[in-house]
Structure formats: C-alpha cells, structure tokens
Amino acid sequence: MTTTVGIAEHELERLRPRDVAQYLHSRGWEPGRRVRYSVRWEREWEGQHRRVLLPLDSGLADYADRMADLLAALAEIEGRPPAAVHRDLTLAGLDVQHIRTKPRTPSGSIPVEDGVLAVTSARDLLMAAACDTVAGETRLVQPRRKPQRAKDFVGSARFGPTEPGSYVFTVQVPLPQASSDGSLFEETPELDMAPEPFERKVSRRLYEAVSEAREVAGRVAATDDSTVLNRSAAHGVSADLCEALAGIGGHDGSDGRDRRTGHGFSVGFAWSPRWPVPYRSAVASFPHGLVPVLREVAQELRSNEPDRGVTVVGRLVRLQRAADVGPGKVTVEARLMKENGDLTGQQRQIHLYLTEEDYDRATDAHRTRRDVRFEGDLARRGNYHELTRLTGFDVL
C-alpha cells in the first residue's frame, strides 16, 4: 500500500525513530516536549517557527501514517520531494561515498571495461583505508596479506543504487547501532553515544587520505615536487590508495588502449548522523589530467617503501650531533646486508639517527675501529639510504 507521500507503507514502517531523530538533530532541529507517543521537534526556518511530530513507538497501529505526515512536513519545509527525504532517512545508518565518473559517453553510462575497473578500484580504495586504520602506522605500501579485520570491513560494505549524472555509483558503509535500540519512549537524540566505531574510523581515514591525495597530486603536477610524498603517508596516502583512485579514472593506455578512455572523477562523502559528523564539505574532484599523476605518485611511493627487517653490518665512517650530549646522526659504510634472509655484497653508505645512549656506544666503536651491526627498515631518501625503526644494535 502506498501512502499519500508516495512511499510504500512497509517502507515507512522500517524507519527507526532513533535514526529519524538523529537526522533531525543533524539539520538543526531541537527536541521539545513529549506529546503522548511522540516528541515535538522545533526550529526556526526562514523566519518562521516550525514544528514536526516524531512518533517514538514503531509498534503503533498508525506509525506509518505518522511517519508519512512527518515526511510531508519535512519535504515542504526543505523544498524537496518526499522521496528524497525518505532516501536520506534510510541512509541514516550508513556512511556513503558518492563516486562520480566522467567518461566520454552519454550521461548515465560508462564503457563496460572502465565500469568494471571503477567498481573494483572502489573496493581497493576501501581496503587501503581499512588496512591503514588497522595498522595504525604510516605505510607507503600496504602488505600483500591483508588483515582479517580489514577484509571483514570490506565484506560488510555494499554498492548502492546509481544516481543521475555522468555515471555515479555509491558505496555504503553500514555503521553499528548505538547502544540502545531506538524504540519506545527513547530519549533523543544526542543519546548515549558510544565510542566511535571502527567503520566510522575507516570512513574518516578514507576521507582524509582521498583529500590529501588530491592535494599531493595537484602539487606534483604543478611543481614536479615529489618531496611531499612521504609526508602524505601520515594522512593515509599509500601506493595502494593512489592506484585505486587512478583506477576509478579509467584505463591509462599503457596496454595499447586509447589513452582517451581515461576520465576525470570525484569522490564525495555523506556521513551517518548516528555519530558526530566529522566533516561538512566532503568532495574531492580529480580532473582527467591528474589520473596519470596518481599512477606516477603510486610508483614513487612504492619505490620509497622501506625494506623491512634488514640487517646492516659495517664500519662507522661519520658521527655528528649538535652538542656534546644527546642524540645524533651516524653514517655506516655497509659491507654486508641481510635482506629477506639473503646475504648480499652491496656496499653503500647508510644514515641512522641514534638515541644518546646508542650514540655513545657508536662513538666508542668508531674510536676502537670495531664493526657494528644494526637491524631495522631500510628506506631510500633521494640519493641516499636511511635505516629507520631500529630493532637492534650490536658492536662486533
């Protein structure tokens, strides 16, 4: 049965009072006094004092009719169709990414191969943000073996319906319900808010990373300055994320395809009102010209990723610190390097930053011309190498 607002009765019955309350609260409405089985919500709108009634018990016999009245009032106040308001209410428990591609095809369509690539790249985009959130540390390249929690998160996300436009599809991230179930006589709406869930942390990290990737790609394209890449990793930018973004932009022609099949795109974010909305303006637009730049950034990040668990054996050739005490920088002329269990004869100068205690030990080793062994992650820094995240230091 369809109600007067054009929404099926069973669809209105699915609306949760708690979600509707949070929708109202996120748009500036304030709860007033209770009127029997409803709460009156109020706000000033274009110079007028407006009121709507929110039913609190979904078990009421006329619950669908009351929700229809609420939808009609909100549609009239917001100047939108009731169906548009209803859609927003049904998304109340979701963080949603709106991915708008701009292929050179009629509006609402996309080449099949570009569409497949865009969809799989959207999945990879979620995975990159989820891995970064799980790790809680800066990584230029995500591990091949994905954490189970990240895989579970991606498994819970879903694609929503396409939207009008060039070719727009949505990615929906379900958020857990708050601590209460949103039923009879519940107080609204700031509610007893639980700590931020993992799903929202991933959505927030994804927003930060996509926004930073847009900034970095634009700067690299304008100045050819790649020094910003490693710093951007602190905001979630990784090779995996940049490759996923480039994939949304279509094929690059490297396999013999016409490079013109690539296209610009944008990623917009809509936040569930179940939890505090972290950002208001949330659209990152990538012109067509930035798509190959994203691929270049991804390659550069991969080349800068440290080799983990490297053992360096050699002799100290330089020690430097700002004062007689405190931490300092040393340079080792490495004779042996152990990478992934294999000994290599590569000889190179490697820089390290040591604590005061380790620097004093290094000074003694240098004075007595003894070899040293360090263990850590080997990273390339322009034309030199640096050992970071030290896990071992021995004087031989």
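Tutor: Here we go through the chain as a whole and then its cavity. This is a predicted model, where local features need pLDDT of at least 70 and side-chain atom pairs count only at pLDDT 80 or more, while totals for chains, interfaces and linings use all residues. Residues are numbered from 1 along each chain as its sequence is written, and side-chain values use heavy atoms, with hydrogens and water left out.

Student: How many helices and strands are there in the chain?

Tutor: The chain has eleven helices and 14 strands; these are DSSP runs (helices H or I, at least four residues; strands E, at least two), numbered from the N terminus. Of its 396 residues, 47% are buried, meaning under 20% relative accessible area with a 1.4 Å probe, protein chains only.

Student: What shows where empty space is left?

Tutor: Rolling a probe the size of a water molecule over the atoms does that. A cavity is a set of points, on a 1 Å grid over the protein atoms alone, where a 1.4 Å probe fits but cannot get out. Searching the whole structure turns up one cavity of 30 Å³ or more. The largest cavity holds about 30 Å³ of space, a volume being the space filled by probe spheres set on the points, which are joined across faces, edges and corners.

Student: Which residues line the largest cavity?

Tutor: Arg-318, Gln-320, Lys-329, Val-330 and Thr-331, where lining means having an atom within 4 Å of a point. Strands S9 (307–320) and S10 (328–339) each give two or more residues to that lining, and S10 gives the most, with three.

Key:
On a 1 Å grid over the protein atoms alone, a cavity is a set of points where a 1.4 Å probe fits but cannot get out, and a pocket is an open set with protein on both sides within 12 Å along at least five of seven lines; lining residues have an atom within 4 Å of a point. Buried means under 20% relative accessible area, exposed over 50%, partly exposed in between (1.4 Å probe, protein chains only).
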